[in-house]
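Take a look at the protein below. This report walks through how its parts pack together, step by step.

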Amino acid sequence: MDDQWMRRVWPPAEEGSRPSKQGPTRPYGVPDGSPRSSTPPASPQWPSRPYGGREPDRDSAEESLTGLYGAPVAEREVDRPVWPSLGLESPEPEDDLPPSARRYRAPETPPRPMPRWLRRLLVGGLALVCSAAVIGAVVVTVLHRAESAPPTVIHDQIAGVAYTLPPQWREGVVAPVTGFTSVAARGDSATVMARPGDRVDPPNLRSAVIDLSDLYAQLLLHGDKVEVLDDRAVTVGGRPGHTRAVRAEYTDVVNEPAFMRVTLLTRPDGGSTVLLGLAHPDRPQSRAEIEGLMWGAR
């Protein structure tokens, strides 16, 4: 039956044709009329598959048929691209990417987040810088206002004296001691008062100041121990006078030491001016401010 199908039927052999030495050939180049040759033909060198793919294994029967008739059409066309390559293919396999990545691009790795301790450090540093800037602005504003504002000057017409207040000092409305006509204070720690005095001759200024200091020490200080710190003649604003300073101490542990200075100045009209300064507790700053106010009187 193989001979019937493999026999050449068309075109008919010419009667006068010269017989071939090798005999008639079968379709597709098979010699003789035998259905199959005892020696299988050598397997042809097939071209490599598209894109370097590995050719699947074939058994001996498939190889013999392939050698006779060639590779099947479906097998020859496998993996062959329909359109020529334009160089736009993604280097990554499409099966591993989501549809959005096939349309646009592969997802990028998100940046590494900042450590929590670094964020806290940056926030703390920023808050510290802002606080320092605000405090600095407030200090500069306050100092600028303090420098730009003129100092307060108290003019006591009754006592016949004028004196300039140090910074942070304020003028009082009513003096806490009877007889004094003007008062200035820095909180509750330092006070200066002024009042008119009786006529005093220059040689008697010291004795008058001693009497005044003893009187006010008993009324205002009530010290268990009173020590004299200063006793001398002075000239303030071209006016002769005398000053005396004492320090009172207490045996109890509640009251701190107190400081008092009394200055008596003569007036051109023949009268006198009494300046009384008190500091409780006794502090070097309070002493300096009281003395500066008195030495600047005019």
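## The aromatic pair

A search of the whole structure, which is a predicted model, finds 1 aromatic pair. Rings of Phe, Tyr and Trp (its six-membered ring) pair if their centres lie within 6.5 Å; planes under 30 degrees apart are stacked, over 60 edge-to-face, and the rest tilted. Phe-180 and Tyr-216 form a tilted pair, 5.8 Å centre to centre, with 50° between the planes. Phe-180 lies in the loop between β5 (170-171) and β6 (182-186), and Tyr-216 in helix α6, so the pair ties together parts that are 36 residues apart in sequence. Helices (H or I, at least four residues) and strands (E, at least two) are DSSP runs, numbered from the N terminus.

Are these two residues buried or exposed? Phe-180 is buried, at 7% relative accessibility. Tyr-216 is buried too, with a relative accessible area of 6%. Buried means under 20% relative accessible area, exposed over 50%, and partly exposed in between (1.4 Å probe, protein chains only). Phe-180 also has a charge over its ring: the charged end of Arg-195 sits there, 5.8 Å from the ring centre. Such a charge counts if NZ of Lys or CZ of Arg is within 6 Å of the ring centre and within 35 degrees of the ring normal.

## How the model is read

The model is predicted, so local features need pLDDT of at least 70 and side-chain atom pairs count only at pLDDT 80 or more, while totals for chains, interfaces and linings use all residues. Residues are numbered from 1 along each chain as its sequence is written, and side-chain values use heavy atoms, with hydrogens and water left out.

## The whole chain

The protein chain has 7 helices and 11 strands. Buried residues make up 28% of its 298 residues. Contact means heavy atoms within 4.5 Å. Among contacts between residues at least 6 apart in sequence, 50% join residues at least 24 apart.

## Two nonpolar cores

A nonpolar core is a set of buried Ala, Val, Leu, Ile, Met, Phe, Trp, Tyr and Cys residues joined through side-chain atoms within 4.5 Å. The largest one has 23 residues. Those with the most contacts inside it include Phe-180, Met-193, Tyr-216 and Leu-276. The elements that give two or more residues to this core are α6 (205-221), β9 (239-249), β10 (258-266) and β11 (272-279). Which element gives the largest share? Helix α6 does, with 7 residues. A second, separate core has 21 residues, among them Tyr-163, Val-234, Phe-259 and Ala-297.

Leu-276 has contacts beyond its neighbours within four places in sequence, including Phe-180, Tyr-216, Met-260 and Met-294. Leu-264 is in strand β10. Leu-264 is buried, at 2% relative accessibility. Leaving out residues up to four places away in sequence, Leu-264 touches Leu-205, Ala-208, Val-209 and Val-274, among others. Leu-264 and Val-234 are 30 residues apart in sequence and 9.2 Å apart in space, C-alpha to C-alpha.

## Helix α6

Helix α6 has 17 residues. From first C-alpha to last it reaches 23 Å, close to the 24 Å expected at 1.5 Å a residue. The expected span is 1.5 Å times one less than the number of residues. Buried residues of α6 include Leu-205, Ile-210, Tyr-216 and Leu-221. Their cover includes β7, β8, β9, β10 and β11.

Just after α6, His-222 takes a positive phi of about 55°. His-222 is found in the loop between α6 and β8. His-222 is exposed, with a relative accessible area of 53%.

## Helix α7

The 12 residues of helix α7 (residues 284-295) should span 16 Å, and its end C-alpha atoms are 16 Å apart, which agrees. In α7, Ser-286, Glu-289, Ile-290, Leu-293 and Met-294 are buried. Seen down the axis, the buried residues of α7 fall within an arc of 130°, so they line one face of the helix. The arc is that of the directions from the helix axis to the C-beta atoms. An α-helix has 3.6 residues a turn, so residues three or four places apart point the same way. The buried residues of α7 pack against β4 (161-164), β6, β7 (190-197), β8 (225-236), β10 and β11.

The peptide bond from His-280 to Pro-281 is cis, with omega near 5°. Pro-281 is in the loop between β11 and α7.

Gln-168 has a positive phi of about 70°, although it is not a glycine. Gln-168 lies in the loop between β4 and β5. With a relative accessible area of 59%, Gln-168 is exposed.
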